[in-house]
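Dear colleague,

I am handing over the structure below, and my notes on it follow. Please read them with the coordinates open beside you.

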Amino acid sequence: MGFKRGKIESMGFKRGKIESMGFKRAALAGVLCALLPSTHALVVGGVEIPHAKVSPNSRALDSVEYPDAWPFSAEDLRPMDPSDDQLFYLIPKFVHHAGGECRECLTKYYGAILPPPGAGAVLDLCSSWTSHYPKGYKAKRCAALGLNALELLANPSKTEWKVQNLNTDQKLPYETGSFDVVTNSLSADYLTSPLGVFEEIRRVLKPGGLAAMAFTNRCFPTKVVPAWTRPFTEPAHARILASYFHYAGFDDVDIAVADVSPDGFVGQRDPMVVVQARKQA
């Protein structure tokens, strides 16, 4: 049935699509979710995620096919309000952009992928006054890059910070192969030049390093890129982010989706989904 030491081995949901003994994927996913206790962890892209679940979101890449060329037009990536994002964030926004339950789920996810406290190097892009990392967590190096200096100064996880608008300057101010993990919480849908940003993410990752792009179903509608709204569903969003990774040079077998949404019926809680990709070692 695909069990490995008491866990479901998913191999990134791209190459191991949970196929076993002739069951259809959707039926088997339902059986597994119903029968396995919550102590069983999914292994997503080589990372054990204790609270990840099998769902339409996690299976969003099962049959994905990428066009030969970059598929997004300038219109797809031009928000309704194209004004300077630094003006939009001129006044600090010390608010949360996701529900409490799904923020807790994101923090738990980060606890599974980040280097041990006091070790490693982490980069948080589009950062703010919180990176949603576990309470008290601080890597040996944690660079926070965002739009508002006051928010970045208040970030408890950072060891260094920089103000930079990735929509006007995609070049990251870090050496090649600097970071073990790159995170982006709830902001990838605002990137108007995502290919350049994701190419830079790949560059600054160490070989074998992991990039994780988290999203929920909330956004500033005038600032989100139009491609994000056509359609406005979690599987579609996962495929958009996966395509950013794909065209930036990440290997498709190293791109995976982790659905770490809170338990409960869709519509009764905010989702939390992470598209992650590992740089080839």
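**The sheet and its surroundings**

Strand 9 (205-215) and strand 11 (273-278) pair in the antiparallel sense over 6 bridges, where two strands pair if DSSP finds at least two bridges between them, and where helices (H or I, at least four residues) and strands (E, at least two) are DSSP runs numbered from the N terminus. Within this pair, phenylalanine 215 stands opposite valine 273 of strand 11. This is a predicted model, in which local features need pLDDT of at least 70 and side-chain atom pairs count only at pLDDT 80 or more, while totals for chains, interfaces and linings use all residues. Residues are numbered from 1 along each chain as its sequence is written, and side-chain values use heavy atoms, with hydrogens and water left out.

The open sheet is formed by 7 strands in the order 7-6-5-8-9-11-10, with mixed pairing. Its edge strands, each pairing on one side only, are strand 7 (160-163) and strand 10, and the twist averages 15° from one strand to the next. Helix 3 (residues 100-113) packs on the sheet and touches strand 8, strand 9, strand 10 and strand 11, contact meaning heavy atoms within 4.5 Å. The direction of helix 3 makes about 175° with that of strand 9; axes are lines fitted to C-alpha atoms, for helices over the stretch in contact, and angles run from 0 to 180 degrees between N-to-C directions.

Threonine 183 lies in strand 8 and counts as buried because its relative accessibility is 0% (buried means under 20% relative accessible area, exposed over 50%, partly exposed in between, with a 1.4 Å probe and protein chains only). Its side chain makes polar contacts with the side chains of aspartate 124, at 2.7 Å, and tyrosine 133, at 2.6 Å; a polar contact is a pair of N or O atoms within 3.5 Å, of which, within protein, one must be able to donate a hydrogen and the other to accept it, and residues adjacent in sequence count only if both atoms are side-chain atoms.

The largest nonpolar core has 45 residues, and those with the most contacts inside it are Phe198 and Ile201; such a core is a set of buried Ala, Val, Leu, Ile, Met, Phe, Trp, Tyr and Cys residues joined through side-chain atoms within 4.5 Å. Helix 6 (234-247) is among the elements that give two or more residues to this core, and its 7 residues are the largest share. Apart from this core lies another, of 28 residues, including Ile49 and Ala214.

With best regards
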